[in-house]
Amino acid sequence: MTSNKNQSFDSRVIKLWLTLRVHFDAFRLFPSRYLTATKWRVLRKRVRARGQFAPLLSRSAHAYALWAMSESASSRPQHPTSRIPVIALVQSTASCRELDSTCDSLTAAGIEYLIMRPPPEGSLAALVSSIDFTATPWVLPLSGGDRVSPNAGSAYAAAIAKTEAACTVVYADDDLLDRSRRRIDPHFKPDWNEELQRHCDILTGACIVRASAADLLEAAGSADWPTALVRNAASRGTANHIHAVLHHRRSRPVMPPMLSLAQISDALPPVSVIIPTRNRANLLRTCITGLRNTSYPDMEIIVANNDSDEPETLAYLRALASEGVTILDQPGPFNYSTINNNAVAIARGELICLMNNDIEVLSPDWLAIMVTQAMRPEVGAVGAQLLYPDGRIQHAGVVIGVGNAAGHAHRFLRPEAEGYFRRHALPQYVSAVTAACLVVRRDRFLAVGGLDEANFAVAFNDVDLCLKLNQRGWQSFYEPRAVLVHHESVSRGQDTDPVGAARFARELAALQRIWRTNESTDPYHHPMLSRASEQFALDLTSVAMPR
């Protein structure tokens, strides 16, 4: 009893020290931002304080240790009550000590294993004959030196019991082991994202696969048989995700230094680009100039004019009309959804591109890249990587649930930065994209009723559109190889006046009522990442911040 009390006391002391150290690191690295977050906390603006604290606290080198300690305290090892239908194939490329560590962890998790000796002593083909495939086991490829959590066996067994026939891979989150065997650098992964997997292997080394003897023998012909086995399994079906860190690894697959060039379709259909505008001829001129420098075979431009009254703008609109640009007058209070829906009604393009008037084109191939993705049968809305004028990221996809609404992923990150496992730099499925530059097939836009004019006149209409498309099986897509500059609502202004603030509050309430964004977790985000931050920051608010 005394020993347990001493351990509990020691744990509380360590947790307190880690909490203080995390806050100290945050203040040392970002003193001004930390003091600002503290101010909001003192003023009892807790949501705003959490949003500002989250990315700061997560940058501490001790953040994950604090999180992992709290995780360990809240969960106990689950001992399997029956045989686990998983067999690990361990590559013995590590030292005897590291290999023993791997095998010990598998034993503790209740997972059977076979050790594959390096050639010429051993081979995958020779190991296949040792596996009893009548029990239809799942295979866990593992590198010597990697460890599994004590709960890995029971977690995988529970996941297997729930899998449907189409599921061929079950994967989990992972972290790394440093030289002192301390856990660092956690990877809290999205739910199955086939497009992301094409560009970054998030499965191999942290998953089990449904594999037959033939599957293993086919993979045996590859120099990197674990990757080949996982890739082939994933191509045959779907993958299920366990939201838990079950793997502690010495290393992860190396990401290619350069993203492959986008493949552009040889048959690009007509596109109608729709640009709502009000005054600010300088912004519109930059936007139109970029469109005229865009390499695209058949592009219609529709400028939807919402009560422009500046002489320079009116003269520019007349000049555009004389040059073949369609000018659609849309008088009355600004309703982004109504303006765009009316423009879509007269558009002749097979696809439409919704574009803000404060977008600046950087390269001529952006539209062809986005259209190529939008023509895929499973894709709905396609969004680009948008940058602030200073070069930082303004949009790299939208995460549902951030701020209990929706937030722009990786906002304020520099494109060349590592970020969160380079997610901002990789093509992938997302839950939504911004309509500041959005490409979608016109028939699909109309099939879901277009933009919601009643509930989302200004804010969240793009999120609502994307979620409606997702429901129909047309998934939103983020394409970072299409890069543009967004000056972000310069001509319309911000919703700081009482009328605008009240309207925004109504639209936020509608978003939460219709899509439960105050309750749901984005499948391409993670429950362990902060809902208060757009930075993919580890959620420490429950362990590092007082209530």
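How do the residues of the lining of the second largest pocket divide into nonpolar, polar and charged?

Modeller: The model is a predicted one, and the lining of its second largest pocket divides into eleven nonpolar, four polar and three charged residues. The volume of this pocket is about 390 Å³, and of the 18 residues that line the pocket, those closest to its centre are Met258, Leu259, Arg422, Ala425 and Leu426. Two or more lining residues come from each of the elements α8 (194-199), β14 (379-387) and β20 (475-486), and β20 gives the most, with three residues.

The C-alpha atom of Ala417 is separated by 10.0 Å from that of Arg392, the two residues being 25 apart along the chain.

Helix α8, which gives residues to the pocket lining, holds both Arg198 and Glu194, four residues apart, about one turn of the helix. These two form a salt bridge in which the closest N and O atoms are 3.7 Å apart, and Glu194 is partly exposed, with a relative accessible area of 37%. Side chains of opposite charge can pair when their charged atoms come close. A search of the whole structure finds 24 salt bridges.

Another of these salt bridges joins Asp175 and Arg183, with the closest N and O atoms 2.7 Å apart. Asp175 counts as buried, at 0% relative accessibility, whereas Arg183 counts as partly exposed, at 26%. Strands β5 (residues 167-177) and β6 (residues 183-187) run antiparallel and are joined by three bridges, and Leu177 stands opposite Arg183 in β6. The two strands form a hairpin with five residues between them, and in the turn Arg181 has a positive phi of about 65°. There is also a network of salt bridges that links Asp174, Asp185, Lys189, Arg249 and Arg252.

In helix α1 (residues 2-29), Arg28 and Asp25 lie three residues apart, about one turn of the helix, and their side chains meet in a salt bridge (3.5 Å, N to O). Arg28 is partly exposed, with a relative accessible area of 47%, while Asp25 counts as buried at 2% relative accessibility.

Technical notes. Residues are numbered from 1 along each chain as its sequence is written. This is a predicted model: local features need pLDDT of at least 70, side-chain atom pairs count only at pLDDT 80 or more; totals for chains, interfaces and linings use all residues. Side-chain values use heavy atoms; hydrogens and water are left out. On a 1 Å grid over the protein atoms alone, a cavity is a set of points where a 1.4 Å probe fits but cannot get out, and a pocket is an open set with protein on both sides within 12 Å along at least five of seven lines; lining residues have an atom within 4 Å of a point. Grid points are joined across faces, edges and corners, and a volume is the space filled by probe spheres set on the points. Ala, Val, Leu, Ile, Met, Phe, Trp, Tyr, Cys and Pro count as nonpolar, Asp, Glu, Lys and Arg as charged, and the others, Gly among them, as polar. Two strands pair if DSSP finds at least two bridges between them. A salt bridge is a side-chain nitrogen of Lys or Arg within 4 Å of a carboxyl oxygen of Asp or Glu. Buried means under 20% relative accessible area, exposed over 50%, partly exposed in between (1.4 Å probe, protein chains only).
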